[in-house]
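Please examine the sequence and the model shown below. The report that follows describes selected features of the fold in words.

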Amino acid sequence: MNRRLASLLVLMGVLPGVSAVGFLPTVARAQTTRARTPPKAAQPAAPVPPAVPAPPPAYEYTFVTRQGPEEDLVELQRLGEEGWQVVATVVVDGSTRRYVLMRGKQAEPAPH
């Protein structure tokens with residue numbers, strides 16, 4: 001093989017290698033740039049306001065004087081439909097008996 005042909009073959013092998021080196025930094029830079037870029041963080045949600053605790057339940061109480069079994073039953077059924085519950089019976093002065101009733105406090109109607 002003569003020198004000219006050998007030089008030509010070497011040149012043919014070197015040219016693609018030289019041109020590939022020119023592309024490598026661009027590819028390598030693109031890959032490292034993507035790798036170094038942190039992922040986009042999601043927008044933080046608006047802060048949630050603290051929950052307001054519910055107010056403690058409010059109750060109202062009333063007394064009903066006991067009269068007789070039938071009258072008491074009619075009155076207690078009527079009051080039960082209004083949301084009243086018997087919570088106790090009390091003896092006053094040794095002879096008078098009363099029912100103690102309780103219900104959740106009703107919201108006051110707004111004045112017009």
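Asp93 counts as exposed, with a relative accessibility of 73%; here buried means under 20% relative accessible area, exposed over 50%, and partly exposed in between (1.4 Å probe, protein chains only). The residue lies in the loop between strand E2 (85-92) and strand E3 (96-104). Although Asp93 is not a glycine, its phi is positive, at about 60 degrees. The structure is a predicted model, in which local features need pLDDT of at least 70, side-chain atom pairs count only at pLDDT 80 or more, and totals for chains, interfaces and linings use all residues. Residues are numbered from 1 along each chain as its sequence is written, and side-chain values use heavy atoms, with hydrogens and water left out.

**The sheet**

Strands (E, at least two residues) and helices (H or I, at least four) are DSSP runs, numbered from the N terminus. Three strands form an open sheet in the order E1-E3-E2, with antiparallel pairing. E1 and E2 stand at the edges with a single partner strand each, so one side of each has no neighbour in the sheet. From one strand to the next, the twist averages 25 degrees, where axes are lines fitted to C-alpha atoms and angles run from 0 to 180 degrees between N-to-C directions. Two strands are said to pair if DSSP finds at least two bridges between them. E1 and E3 pair over seven bridges, and E2 and E3 also pair over seven bridges. E2 and E3 form a hairpin with three residues between them, and Asp93 belongs to the turn.

The table lists residues that stand opposite one another.

| Residue | Partner in E3 |
|---|---|
| Thr65 | Arg98 |
| Tyr61 | Met102 |

**Tyr61 and its surface patch**

Tyr61 is located in strand E1 (residues 59-65). Tyr61 is exposed, as its relative accessible area is 54%. Together with Tyr59 and Val87, Tyr61 makes a nonpolar surface patch of about 330 Å². Such patches consist of residues with over 30% relative accessible area and no salt bridge, and nonpolar side chains (Val, Leu, Ile, Met, Phe, Trp, Tyr) are joined within 5 Å, like charges within 9 Å. A salt bridge is a side-chain nitrogen of Lys or Arg within 4 Å of a carboxyl oxygen of Asp or Glu. Accessible areas come from the Shrake-Rupley method with a 1.4 Å probe.

**Helix H2**

Helix H2 (residues 69-81) has 13 residues and, at 1.5 Å a residue, should span 18 Å; its end C-alpha atoms are 18 Å apart, which agrees. The expected span is 1.5 Å times one less than the number of residues. Just after H2, Gly83 takes a positive phi of about 100 degrees.
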